[in-house]
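Here is a friendly note to read alongside the model. Please keep the viewer open while you go through the points.

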Amino acid sequence: PRPVRGLDSKQVKLVSCSYYHTVVATESHEVFSFGRNDFGQLGHGNRSDQNVPKRVEGLTNVTDIAAGSSHSLAVEEGGAVYTWGYNAEGQLGLGDHGDGTNRLEPTEVPGVDGAVAVAAGSYHSFALSRDGMVMACGMNGHGQLGLGDTDNRDTFTVVAGLRGVVDIDAGDDHTIAVTCEGEVWTWGKGRATGQGGDDDDAQRLVPTKVTGGGIEEAMVVQVAAGDNHSMALTAAGELYAWGTGGDGQLGHGDKENLAVPRVVDGIEGAVTGMSGGGNHSLVITAEGRVLAFG
């Protein structure tokens, strides 16, 4: 690893990556982006790729960011949500699905305020409000929006039955969230939802509580999603992982798929953070070590 040019003088606070582009938020609440830009997902007003970080103009006081496959989201301190990039599935939440209009620079989402966080799957998006409600838009062919059907949405729509959510993340076709009570809920496609059974094509159209492997007794505080796997971090620093494991991305020492959460053994010290990539995972420990598997 080596430092990314263009961010040397910046204190980086948040980083979100997709397969093709990266979005960075700094301690001074600025946003930078770099990588592929064929749909305007970098937010620079053009479709030119960017090899070094460049500031995204028009955003101030940003508190959270998210990068989908070819779209991006940001939340400003006052609770407004901005989106940009690919919009063919309505994932920008701008109410114009079907007109083929991508956005080359950040555009404020109408009808959404009071947001504190955002999350992005490949082609779907979420906004989390300060009162713990979840709003969803975008592709929904496998129920990944949690709205009880498989219809796409081009505006952010409240996910019924979910309250008190404190963290949310989205994979390729599934979504995972945790509430203030430490309960884990998932919905969408596949064994990464952790609902038992080993059918990768199973669909859950509404949020369903995750049980098994002892996770229902744990106090989960953070969740993360890879393309087809899920992770949950407990207040005690234990890491659970489940879903597709063909590349070792679950960290269980094998390449087996797992439809029920299982604690990841062999990590020295408490886990303090984690992130899921397409087919790999990253973990941070209390000692400041970074572990990678997959």
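**Notes on the predicted model**

1. His29 sits in the loop between β2 (21–26) and β3 (31–35). Its phi is positive, about 70 degrees, although His29 is not a glycine.

2. A word on the ground rules. This is a predicted model, in which local features need pLDDT of at least 70 and side-chain atom pairs count only at pLDDT 80 or more, while totals for chains, interfaces and linings use all residues. Residues are numbered from 1 along each chain as its sequence is written, and side-chain values use heavy atoms, with hydrogens and water left out.

3. Asn61 is another residue to look at for its backbone. It has a positive phi of about 55 degrees and is not a glycine. Asn61 belongs to the loop between β4 (50–55) and β5 (62–67). It counts as partly exposed because its relative accessibility is 38%.

4. Now step back to the whole chain. How many helices and strands does the protein have? There are 0 helices and 23 strands; helices (H or I, at least four residues) and strands (E, at least two) are DSSP runs, numbered from the N terminus.

5. On overall dimensions, the radius of gyration is 18 Å, which agrees with the value near 19 Å that a compact globule of 294 residues would have. That radius is taken over C-alpha atoms, and the globule rule is 2.2 Å times the number of residues to the power 0.38. Along the principal axes, the C-alpha atoms fill a box of roughly 45 × 45 × 35 Å.

6. What share of the residues is buried? Of the 294 residues, 53% count as buried. The protein exposes about 12200 Å², and carbon and sulfur atoms supply 45% of that area; accessible areas come from the Shrake-Rupley method with a 1.4 Å probe, and for residues only the protein chains shown count as cover.

7. For contacts (heavy atoms within 4.5 Å), consider pairs of residues at least 6 apart in sequence: 47% of these contacts join residues at least 24 apart.

8. The protein carries 19 positive and 39 negative side chains, and the centres of the two sets lie 5 Å apart. Lys and Arg count as positive and Asp and Glu as negative, while His and the chain ends are not counted. Each charge is placed at NZ of Lys, CZ of Arg, CG of Asp or CD of Glu.

9. Is Ser16 buried or exposed? With 14% relative accessibility, Ser16 counts as buried. Its place is in strand β1 (residues 12–17). A polar atom of the Ser16 side chain lies 2.9 Å from the backbone nitrogen of Ala67. Not counting residues up to four places away in sequence, Ser16 touches His21, Thr22, Val23, Ile65, Ala66 and Ala67.

10. His174, in strand β14 (residues 174–179), is buried because its relative accessibility is 1%. Its side chain makes a polar contact of 3.0 Å with the side chain of Ser230; a polar contact is a pair of N or O atoms within 3.5 Å, where within protein one must be able to donate a hydrogen and the other to accept it, and residues adjacent in sequence count only if both atoms are side-chain atoms.

11. His229, in strand β18 (residues 229–234), is buried, with a relative accessible area of 0%. Which side chain does His229 join through a polar contact of 2.9 Å? The partner is the side chain of Ser281. His229 and Leu250 are 21 residues apart along the chain, and their C-alpha atoms are separated by 7.4 Å.

12. Lys54 lies in strand β4 and counts as partly exposed, at 36% relative accessibility. Leaving out residues up to four places away in sequence, Lys54 touches Val31, Phe32, Ser33 and His44.

13. Finally, Val116 is found in strand β9 (residues 115–120) and is partly exposed, with a relative accessible area of 39%. Beyond its neighbours within four places in sequence, its contacts are Thr63, Asp64, Val75, Leu128, Ser129 and Arg130.

Definitions and conventions: Buried < 20%, exposed > 50% of the residue type's maximum accessible area, 1.4 Å probe, protein only.
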